[in-house]
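Please look at the sequence and the model together, and follow how the parts of the chain are arranged and where they meet.

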Amino acid sequence: MAISIKINKTTQSRINQCDFENIEFGKIFSDHMFRVDFTDGKWGDPEILPYGPIPMAPSISAIHYGQAIFEGMKAFKSAEGKPLLFRPMDNIKRLNESAVRMGMPEIPEELFMEGLKQLVSLDRDWIPTKEGSALYIRPFMFATDDFVGVRPSNNYSFIIFGCPVNSYYPKPINVLVEEKFVRASDGMAGFAKAAGNYGISMLPTMEAKKKGYDQIIWTDGRSHQHVEESGTTNLFFVVNDTTVWTPALDGNILRGITRDSCIQLLKKRGLTVEERKVSVSEIIEAAKAGTLSDCFGTGTAAIIAKIAGIGYQGQDFMLPDPEKRDVSNWLYATIYGIQTGKLTDDFGWVVSVD
Ligand SMILES: *Cc1c(COP(=O)(O)O)cnc(C)c1O
């Protein structure tokens, strides 16, 4: 069944106010947004309208009880000027997994995809083309019942907007292994991109920043002996440029799409990828022995966030010169090349938009 989307175009594009040479991450929004509301047990009429404030009651349940989930993805432009999306179906499926965990309705895949494509098509001039830049896309869903009381909302809004961005972590980062606070533990919602998971990360990250680090590495909630992820990135540890360790999807970490792309590319390149529990002690041992040849986080925003050094129990372990990291440099160039259509996409990851 064809999905028809009502389009209400802006009469005042803001594109001339955007300095595409110097974009600050997450501060500038493209002209339009996609919106569809869920009421009376079903999704209503989808609409594309000018990006702008959304009126809401002070009692909406998303704000009080946290039924709020989101996604993050990017659109690029091919050399011919065609918008390209990277693995959008994976974001759609993951949003619905988050929805189920949070007791929220799933959004039909075709409705999400059609809204996404039409929005990107309409705002295609907002996709920057400078090296490393993209249109970051933020789909999200939240509970809108005008009601105070803890129970699943009956009404929800699903919105997609975009913002042009440059790369997210331009510099290699220093990370601190967190042993007090926990992001997620067994049975919680660590695998969901649920707003609350990020709320609880603010204070621990602020404390690490006060100590001079850029981010924290979360450890498991039971023993603090195994690493999980860092900020909004999944973690990879490379030993002797041949074997790669990455924490397994145990329900406590995000099923990163960049993570999966890296695993597939590394395997294709002939490296051994071990998805398993990764202990802090084996990482520290490898760093001390000089065998930890590369270490990075993966996520849509940065693609690859190189880790320069790891802080653990008062000591800092510096890793090899980030400039000379064979594996992370190759992964970044390969993924970005596929995303922008400059490299052949052997995996069927890229979806082009008319
Ligand atoms: C979004 C996110 C990631 C990365 O996922 P991608 O699909 O690669 O962008 C990793 N960890 C957390 C906690 C995240 O929120």
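Into which domains is the protein divided? The division is into domain 1 (6–165) and domain 2 (173–339), with bounds that come from an automatic or database domain assignment. This is a predicted model, in which local features need pLDDT of at least 70 and side-chain atom pairs count only at pLDDT 80 or more, while totals for chains, interfaces and linings use all residues. Residues are numbered from 1 along each chain as its sequence is written, and side-chain values use heavy atoms, with hydrogens and water left out.

The C-alpha centres of domain 1 and domain 2 are 27 Å apart, and 24 residues of domain 1 touch 23 residues of domain 2, where contact means heavy atoms within 4.5 Å. Between the two domains about 2,100 Å² is buried, 58% of it from carbon and sulfur atoms; this is the accessible area (1.4 Å probe) that two parts lose on being put together, summed over both.

Across this interface the rule finds two salt bridges, each being a side-chain nitrogen of Lys or Arg within 4 Å of a carboxyl oxygen of Asp or Glu. Asp 260 and Arg 87 form a salt bridge in which the closest N and O atoms are 2.8 Å apart.

On the side of domain 1 that touches domain 2, the elements giving two or more residues are strands E5 (68–70), E6 (73–77) and E7 (83–86) together with helix H2 (88–101), these being DSSP runs (H or I, at least four residues, for helices; E, at least two, for strands) numbered from the N terminus. Helix H2 provides the largest share of that side, six residues.
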